[in-house]
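Me: I am new to reading protein models. Could you walk me through one, feature by feature?

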Amino acid sequence: MKKGEVVFSAVCVGFFALMLTQTIELLEQGRAGEVGSGFWPLLSLVAATALSALWLVRNLAAYAREKPRAAGEASPEAIAGAWDRRRKVGLSVACLLGYIVLMPWIGFILSTMFFILTFILALEERRMKVLAISPVLITAAIIVVFAKFITIPLPKGVGIFAAFSRFFY
Amino acid sequence: MFDLYWNAFGTVLLPQNILAICMGGLWGLLAGALPGISTSMGVVLLLSFTYSLPPITAFCLLCAAYCGGLTGGSITSILFGIPGEPSSVPTTIEGYALAKQGRAAFALWIFLLCSIGGGLFSVLVMMVATPVMANFALRFGPAEIFALVVAGLSVVSGLSGGSQLKGFLSCFFGLFLATVGTDGITGGERFTFDTTILLGGINFVTAMVGLLAVSEILEEAEEPFKEYKSAVAYRGMRDELPRLADYTKHKFLLVRSAVLGTVVGSLPGGGATIASFLAYGDAARSSKEPEKFGKGAVDGLMAAETANNAASGGSMTILLSLGLPGSNTTAMLIAAFMIHGMQPGPMLYASRPDIIYGIFVAMLMSNIFLLGLTVLAIRLFLQLNRLPYSSFSAAIMILCVIGAFGLNNNVDDLYIMFAFSVIGYVMRKYKMPIAPAVLGLVLGDQAELSFRRALLIADGNPIGLVSSPISIILLAGALFSIVYPLFKKPKMLSKSVE
């Protein structure tokens, strides 16, 4: 039993319980004699809260049972490997968030090229040819299909970036 | 009637109409395969091309795009683990698992032949039994629709993998997500926290792209560096042709799924998603190897794909006979009728039988042509698999971003997609099944609206939910579907221990 799973189930209990408190206000919405806005969410959230509480109890019981055995079992290599995996996922998530935040400001083309470069670096791609070609090639293909052919109004950015984007779509 | 069919074949087989079927089919395959570009969006984008076309050519184009979209959604599901359509989720689970075992081409053949088989079956049913099925579907009120959706949701027990508890928790999470936004009946805001970003609710395509596609890429990012995407091995379509025995072994399941898909597709609010999930759940329950589900069950893939495409004929039946849209895409087709000065429904039989029979034949020819067109499309998509893995992941990630953005051309949707990507990643880490959450999100809105409408009609009396034999049968079936695995599992476990 991973400690993280206990934390995740506790977060689920907290989240669903919090949403349940929000539902109480919704129960007042609706006309007399009708099922109001809050009834259906109440059903879903009561079930979700009960199930997540049951999951938490099961996880706590399993954690308490396995804790004495698990203590001191993890090797330094395993711990380093786990941190390396977390670092790669963390970097990937940061790249995606940065891409979404930057896109409206610097436009689709530049943000996409920047995203591809940083994302493939985060995936430990080190081949210079791939690093040099991929951002340009993928962005060009995406622009041709989605901006030119399907005409999705991709973000152009602001100021000088918008002027740059208008060269292409 | 034979004269009408003869004339319809003569018209549809004209070169311009054949070309329209090929173009529409390829476009539909592309729209269905690209995540975030739905079949309905593909049909909408084609509408503007049909203004200047003769009506029958326009419907050849649109019907082929509809059939292609339903088929194409499964190509990316199997090759990349990304469902192009909500109805492709069961295909993603089983097809992608097969692909990861090095049986991508085998899974593609299974999907292709079952899809085409299901599609052809439903078109034949549509041609023969349209009046009968339309009459049956007319009896469905909100209580029956609610019972139908509950039956659709009951397949969660089959999708939960190892833990029923986590499966149902995931499903209720999805049902809760479906309540976010503006209430469809009172117009009040729910769980929006005074933000505009959540006012329109959580679009299931945005959530699905994050939960299923981006989270998968994030999970794969944990793996050590690899030069190419090695998860899916492909040896070539010819080397992995399935044997006839692969199909005959599951003949009853195939027939059952085709019938189920056609019937569910014909019900207003039914459609391919419920059909594929119901057939998949049915396959999981009736399988001799239930432990294979989630790990590449061929029968699960067959059932889902057959029912998925069989829904098209059912939806079209209701559209043509009653003028009711059975799915989002058939709702878009109503617009096409209006563009050409027609109103689908019983009167259209009397006024324009050439169009009705032309559509029957166009649907039939579209399914036949899709056999070749899909092989072409598969070759195209398999080339993508030979890209360097890192670039491939980046390209898929960008497709996901565009898919989420392109729905409303709104950057806010990207933040929702991002949030669901992280949620999906955490769910994967702790082995919480994602498919039930997607199912809850997709069906939740419909379940709530039909539930509240049924109670409204019954003056708040809950007996109104079980007032007809149809709803009683459907709800009893749903209850059985939920309870049965709970009793079946210990027996299976004890067998394995023995």
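**A buried valine and its surroundings**

Reply: Happy to! Let us start with one residue: B:Val123 is buried, because 29 other C-beta atoms lie within 10 Å, and the cut-off for buried is 20 or more. Keep in mind that this is a predicted model.

Me: Where is B:Val123 found?

Reply: B:Val123 belongs to helix H6 (residues 104-137) of chain B.

Me: And which residues does B:Val123 touch, not counting residues up to four places away in sequence?

Reply: Leaving out those up to four places away in sequence, B:Val123 touches B:Gly313, B:Met363, B:Leu364 and B:Asn367. For a distance in space, take B:Ala297: 174 residues separate B:Val123 and B:Ala297 in sequence, and their C-alpha atoms are 27 Å apart.

Me: Now the whole of chain B, please. How many helices and strands does chain B have?

Reply: Chain B has 21 helices and 2 strands. It is 498 residues long, and 59% of them count as buried. Now take the contacts in chain B between residues at least 6 apart in sequence: 78% of these join residues at least 24 apart.

Me: At what angle do H4(B) and helix H5 (residues 89-100) of chain B pack?

Reply: H4(B) and H5(B) pack at about 45 degrees, with 6 Å between their axes. These two helices are therefore oblique to each other. H4(B) passes H5(B) in a right-handed crossing. From H4(B), the contact is made by B:Ser74, B:Ser77, B:Ile78 and B:Leu79, and from H5(B) by B:Thr91, B:Thr92, B:Gly95, B:Tyr96 and B:Ala99. Sorted by class, these are 4 nonpolar, 5 polar and no charged residues.

Me: How many residues does the contact take from chain A and from chain B?

Reply: The contact takes 49 residues from chain A and 45 residues from chain B. On the side of chain A that touches chain B, the elements giving two or more residues are helix H1 (3-26), helix H2 (39-70), helix H3 (76-106), helix H4 (108-122) and helix H5 (128-149) of chain A. H3(A) supplies the largest share of that side, 11 residues. By class, this side of chain A has 32 nonpolar, 11 polar and 6 charged residues.

Me: Can we zoom in on a helix pair across the two chains?

Reply: H5(A) packs with helix H18 (residues 389-408) of chain B at an angle of about 30 degrees, and the axes are 10 Å apart. H5(A) is therefore roughly parallel to H18(B). The crossing of H5(A) and H18(B) is right-handed. A:Val130, A:Ser134, A:Ile138, A:Ile142 and A:Phe146 in H5(A) meet B:Ser390, B:Ser391, B:Ala394, B:Ala395, B:Ile398 and B:Ile402 in H18(B). By class, the contact of H5(A) with H18(B) has 8 nonpolar, 3 polar and no charged residues.

Me: Why might residues spaced three or four places apart point the same way?

Reply: An α-helix has 3.6 residues a turn, so residues three or four places apart point the same way.

Me: Last topic: backbone angles. What is phi of B:Phe191?

Reply: B:Phe191 has a positive phi of about 55 degrees although it is not a glycine. B:Phe191 lies in the loop between strand E2 (189-190) and helix H10 (204-221) of chain B, and it is partly exposed, with 18 other C-beta atoms within 10 Å.

Me: Is B:Asp459 buried or exposed?

Reply: B:Asp459 is exposed, with 9 other C-beta atoms within 10 Å. B:Asp459 sits in the loop between helix H20 (435-457) and helix H21 (469-497) of chain B. Its phi is near 55 degrees, a positive value in a residue other than glycine.

How values were computed
Residues numbered from 1 in each chain as written. Chains lettered and ligands numbered in written order. Predicted model: local features only at pLDDT ≥ 70, side-chain atom pairs only at ≥ 80, totals over all residues. Helix = DSSP H or I, 4+ residues; strand = E, 2+ residues; numbered from the N terminus. Buried ≥ 20, exposed ≤ 12 C-beta atoms within 10 Å, placed from the backbone. Contact = placed C-beta atoms within 7 Å. Nonpolar A, V, L, I, M, F, W, Y, C, P; charged D, E, K, R; others polar. Axes fitted to C-alpha atoms, helices over the stretch in contact; angles between N-to-C directions. Parallel < 35°, antiparallel > 145°, perpendicular 65-115°, else oblique. Left-handed = near helix turned anticlockwise from the far one by under 90°.
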